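Student: I have a structure open and would like to go through it with you. Could we begin once it is on the screen?
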Amino acid sequence: MSKRMIGLSASTDNVIYVDVEVPDSDDEPLVILEDGNWKLQKGDRSNAYQVLHQQCVDYIREASIEEAVVKASAVMGRMSLKLGMLQTAEVRGIVIAAAASECSVTQLTKGLVSRTYGERNVDDYIEDDDFWAEHTTGKTLRKMSREVAMLLVAARNR
Amino acid sequence: MSDYTSGLKVGKKIGNGHFGQVHEAVDPAHGEVAVKVLQRAAWMTDAQWATYKSEHLGEAQNLSRAEHRNVVKVHSVVEGDSGDSVVICMAFCPGGSLQDHFETGPTSLPAVKKVATQVLHGLGALHQRGMIHRDIKPANILIDGKGVAQLGDFGLVTDDLVFGYASDAGYLDHLAYEVWQGSGTSVRSDIWAVGMTIYRLLHGKAWYDEAARPQDLVKDGNYADKLKWLPHIPKDWRRVIRKMLVDDPARRYQNVQQALNGVAPLCVEPAWDVTVGHDRIEWRRISGSRRILAEWERISDRKHRWRVWSEPVGSGRSRTLGGSTALTSRRDAEEGLRELLCF
């Protein structure tokens with residue numbers, strides 16, 4: 001039976017979501033049902049987080065999503081901590097909590113996907129148009145959303 | 001009323017709709033509730049009423065199974081014993097409808113942004129369930145006990161009824177261009193109606209009534225470019241409302257998620273308290289220890305005067321921030337005020 005999944009990636013003021021139907025057969029491509037983003041409301045962040053939480057819960061509930069895959073926090077090298085990173089982590093926390101209230105949630109780092117999926121680096125797959133033509137169908141997937149869709153491709157194969 | 005639902009104690013009338021009345025009531029299971037009785041309208045044929053009744057019962061039953069923070073909860077739906085009515089028992093919203101706010105005057109930017117966001121959340125849930133609301137307007141947005149906006153009144157379940165009802169009930173102001181052209185209602189015509197609702201709340205009834213009614217303009221096209229704006233409405237708000245009200249549905253926000261993304265970055269400052277009178281419009285707000293005030297005198301169609309100044313909340317001197325040095329045109333008054341009220 002096919003499965004409805006959503007991939008989510010947070011940034012300081014935006015969440016990219018890719019809603020897909022995952023066919024039962026591993027040979028069939030992911031069906032892109034929706035590729036969009038939720039913008040964080042301008043102004044007071046507590047209100048903005050409440051709105052984002054509801055937006056995320058509503059979407060997952062109404063679309064009957066069974067599993068969410070969230071791009072997990074990761075620190076690369078000796079990065080100095082910046083406010084933007086902390087705010088991104090806050091947004092990610094909101095999204096994880098919202099998704100977990102409606103479905104199961106898996107968190108994947110880009111590094112983990114690179115180590116566990118295929119032979120190539122994630123960024124190579126993201127750039128490869130042929131890869132996406134082969135692995136996805138349905139609505140158009142924006143280039144900026146490929147990294148999120150990659151989480152779903154990897155999660156499907158776990 | 002007693003023949004409708006056992007145990008339901010129906011109280012005073014709290015609203016009047018085209019199809020029937022809304023009463024306060026006490027339900028044994030849910031406590032304080034609102035009961036809407038949809039009566040068969042005189043103009044309905046037997047076939048129209050039968051269709052309306054069955055579709056309305058079906059849709060209301062869907063709603064009764066669906067819960068959402070921004071949709072008025074429908075507890076039960078039954079057909080009246082006489083066969084000429086449908087009785088809907090739903091959550092009571094003590095804050096009343098936004099029609100009262102609209103009639104009182106312009107609503108502030110933060111309040112409208114909050115309502116627009118909540119209404120879009122409720123509408124998104126309906127759309128994802130495959131429903132079209134068809135009747136979004138201030139009167140159908142209710143405020144619950146926690147101050148949360150909820151979409152109510154799901155009376156227009158078919159396109160035929162939209163025109164039948166609208167022609168009598170004044171809803172024509174909320175019909176999108178393509179509906180006038182016979183294309184029927186859709187997700188995007190609901191978004192058009194949200195745009196009109198936002199516009200109305202921001203401006204209030206007195207200002208809204210000064211312009212020609214949308215029902216006389218929308219069908220001719222380019223309505224979004226004919227809107228008359230109060231000077232304090234910021235550019236980004238105007239852009240979002242115009243995008244919701246554009247004639248071509250393909251150029252509108254295509255769904256609620258896109259509309260929410262349009263609303264998300266809207267600024268909510270400065271939050272003016274505005275009073276619109278026949279010949280004078282006044283703005284007030286507090287900034288730190290000073291009160292900022294503005295007034296626009298509309299002496300005649302061609303003669304206008306305006307000024308913006310600040311006063312200390314306590315003691316101190318008033319300061320002039322801008323104004324017309326002599327009588328001026330409406331356009332100059334609007335431009336001068338816009339520059340000082342939107343920043």
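This is a predicted model: local features need pLDDT of at least 70, side-chain atom pairs count only at pLDDT 80 or more; totals for chains, interfaces and linings use all residues.

Student: Let us take helix α2 of chain A. How many residues does α2(A) have, and how far does the helix reach?
Tutor: Helix α2(A) covers residues 83-100, which is 18 residues. From first C-alpha to last, α2(A) reaches 26 Å, close to the 26 Å expected at 1.5 Å a residue.

Student: Which residues in α2(A) are buried?
Tutor: The buried residues are Val91(A), Arg92(A), Ile94(A), Val95(A), Ala98(A) and Ala99(A). Viewed down the axis of α2(A), the buried residues fall within an arc of 155 degrees, so they line one face of the helix.

Student: What do the buried residues of α2(A) pack against?
Tutor: They pack against α1 and the strands β1 (3-11), β2 (14-22), β4 and β5 (104-108) of chain A.

Student: And which exposed residues are on the face turned away from the buried side of α2(A)?
Tutor: That face carries Leu83(A) and Leu86(A), both exposed.

Student: Changing topic: how many residues of chain B are in contact with chain A?
Tutor: On chain B, 15 residues are in contact with 14 residues of chain A. Two helices of chain B, α3 (109-128) and α9 (256-263), each supply at least two residues of the side that touches chain A. The most comes from α3(B), with five residues.

Student: What is that side of chain B made of, by class?
Tutor: The side of chain B that touches chain A has seven nonpolar, six polar and two charged residues.

Student: What about phi in Ser64(A)?
Tutor: Ser64(A) has a positive phi, near 55 degrees, and is not a glycine. Most residues other than glycine have a negative phi. Ser64(A) sits in the loop between α1 (45-62) and β4 (67-71) of chain A.

Student: Why does Ser64(A) count as exposed?
Tutor: Ser64(A) counts as exposed because it has 10 C-beta neighbours inside 10 Å, and the cut-off for exposed is 12 or fewer.

Student: Lastly, where is Asn222(B), and what is its phi?
Tutor: Asn222(B) is in the loop between α7 (214-217) and α8 (235-245) of chain B. Its phi is positive, about 60 degrees, although Asn222(B) is not a glycine. Asn222(B) is exposed, with 12 other C-beta atoms within 10 Å.

Notes: Residues are numbered from 1 along each chain as its sequence is written. Chains are lettered from A and ligands numbered from 1 in the order in which they are written. Two residues are in contact if their C-beta atoms, placed from the backbone, lie within 7 Å. Helices (H or I, at least four residues) and strands (E, at least two) are DSSP runs, numbered from the N terminus. Ala, Val, Leu, Ile, Met, Phe, Trp, Tyr, Cys and Pro count as nonpolar, Asp, Glu, Lys and Arg as charged, and the others, Gly among them, as polar. A residue is buried if 20 or more other C-beta atoms lie within 10 Å of its own, exposed if 12 or fewer, and partly exposed in between; C-beta atoms are placed from the backbone. The expected span of a helix is 1.5 Å times one less than its number of residues. The arc is that of the directions from the helix axis to the C-beta atoms.
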